[in-house]
Amino acid sequence: MLKTKQIENIFAALDGLRIEIPSWGFANTGTRFGKFLQAAAAVTIEDKFSDAGQVHALTGLCPTLALHVRWDLPSGLDSAPEVEALAARYGVRPGSINPNLFEDQIYKYGSLGNPDPDVRRAAVRHILESIEIGRRLASRDLSLWFADGSNYPGTQNIRRRRQWFQEGLEQAHAALSESQRMLVEYKPFEPAFYHTDIADWGMASLLAKAAGSKARVLVDTGHHYQSQNIEQIVAWLLDDGMLGGFHFNDRRYADDDLTLGSIDPYQVFRIFHEIRYFEWETGQRADIACMIDQSHNLKGKIEAMIQTVMMARELYARAAIVDHEKLAGSQARCELIDAENCLKEAFFADVAPAIREWTGVRGLPEDPLQAFRGSGYLERITAQRRERNQAAVSSYA
Ligand code: PSV
Ligand code: MN
């Protein structure tokens, strides 16, 4: 049984929790070996807002939708009025704006790191347009991920490419308004297999610092080598004032984009714990955008998103009941077992009754997944979208 104080902590934590969902999580995606299509998959930007609206209505935790410019705003700034109208209609605001600097043929050898100055200029132009879109949609975060790198030793000048990155990011940063931020994401490999220009959190942090005061690092939990201690990276970035946000997902081997907590829920808990411990110690709220970056090929897309949000909610609630006072004392006295048990007791506590109580008070369904299954929404969109999606596939083939 949880103590009253712990239940209060869970309520306060869940009231403050916001999880951004990705528009691409509702679309048909796959692996490089192919796609398994779903009749209910979202195709249009309206489908995506509609699906996101369901997730938010049932969980109360997802008021924003991350948008990928090329996939969601194909007409750039001209797509903004439609997005605004859909946001109002489905009760979900546009979230982070993600420029696409990896799909166009011009990016074969990179974007900001490309040896061709014309390509670098085109990449900067696309980022500047994305900043403009963000401003127009009142979205705070420009979220940058670069596929840039090389596949074979000796084929690129690694230092020159770093300098080009610095120049491009500085130009982009100069265009941000006061209320905008720039998040720099890192990834060790894929699609590049020899070197990636922004391969780890240190490189991302150096580039972000060089770009300017509104730039921060984005940690995608799938973008690390096996067994890397991600919560330590989180703790360091927090301490350095450089943690801007997350792309949450789980992984077993590489950037697998598996459901959050499906492989290692304790790791997600430890990440949440570091954030809350920082907040307790400093008395300041960590200004972090928590986003999901998952796109399911096999699971039902909306159900998988709800499952993910429920997992985040549960692990965040567990992290909210760590006894910080006791932990700090045990750490200072090097009482190893007692310190470790502070985490373990919270991780293994039964938080379900407190979460149920929270949903009741906030007027949300006790079990969002069951509520979704009972809503008829999936059946409705499957019937509506099936024919259209099939026609799109056959005209493509
Ligand atoms: C790249 O693997 C990544 O994590 C980036 O965040 C992209 O924007 C996203 O996945 C979708 O491709
Ligand atoms: Mn990501």
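Two strands pair if DSSP finds at least two bridges between them. Strands here are DSSP runs of E with at least two residues, helices are runs of H or I with at least four residues, and both are numbered from the N terminus. Keep that in mind, everyone, as we walk through this one.

A quick word on ground rules. This is a predicted model, so to speak of a local feature we need pLDDT of at least 70, and side-chain atom pairs count only at pLDDT 80 or more, while totals for chains, interfaces and linings use all residues. Residues are numbered from 1 along each chain as its sequence is written, chains are lettered from A and ligands numbered from 1 in the order in which they are written, and side-chain values use heavy atoms, with hydrogens and water left out.

Let's start with strand 9, residues 243-248. Six of its six residues are buried, so strand 9 is largely enclosed by the rest of the structure. Buried means under 20% relative accessible area, exposed over 50%, and partly exposed in between, using a 1.4 Å probe and protein chains only.

What are its neighbours? Strand 8, residues 215-220, runs parallel to strand 9 and is joined to it by four bridges. Leu218 has Gly245 of strand 9 as its bridge partner. To get from strand 8 to strand 9, the chain goes through helix 8, residues 230-239, in a right-handed β-α-β crossover. Right-handed means that, with the strands pointing away from the viewer, the path from the first strand over the helix to the second runs clockwise.

Strand 10, residues 289-292, is also parallel to strand 9, again with four bridges. Here Phe246 stands opposite Cys290. Helix 9, residues 265-282, carries the chain from strand 9 to strand 10, and this β-α-β crossover is right-handed.

Now, some loops. Asp257 sits in the loop between strand 9 and helix 9, and its phi is near 55°, a positive value in a residue other than glycine. Ala138 also has a positive phi, near 55°. You'll find Ala138 between helix 5 (117-136) and strand 4 (141-144), and it is exposed, with a relative accessible area of 64%.

Gly76, in the loop between helix 3 (69-72) and helix 4 (80-90), counts as buried at 4% relative accessibility.

Last stop: where is the cis peptide bond that joins Glu190 and Pro191? Pro191 lies in the loop between strand 6 (181-185) and strand 7 (195-196), and omega for that bond is about 10°.
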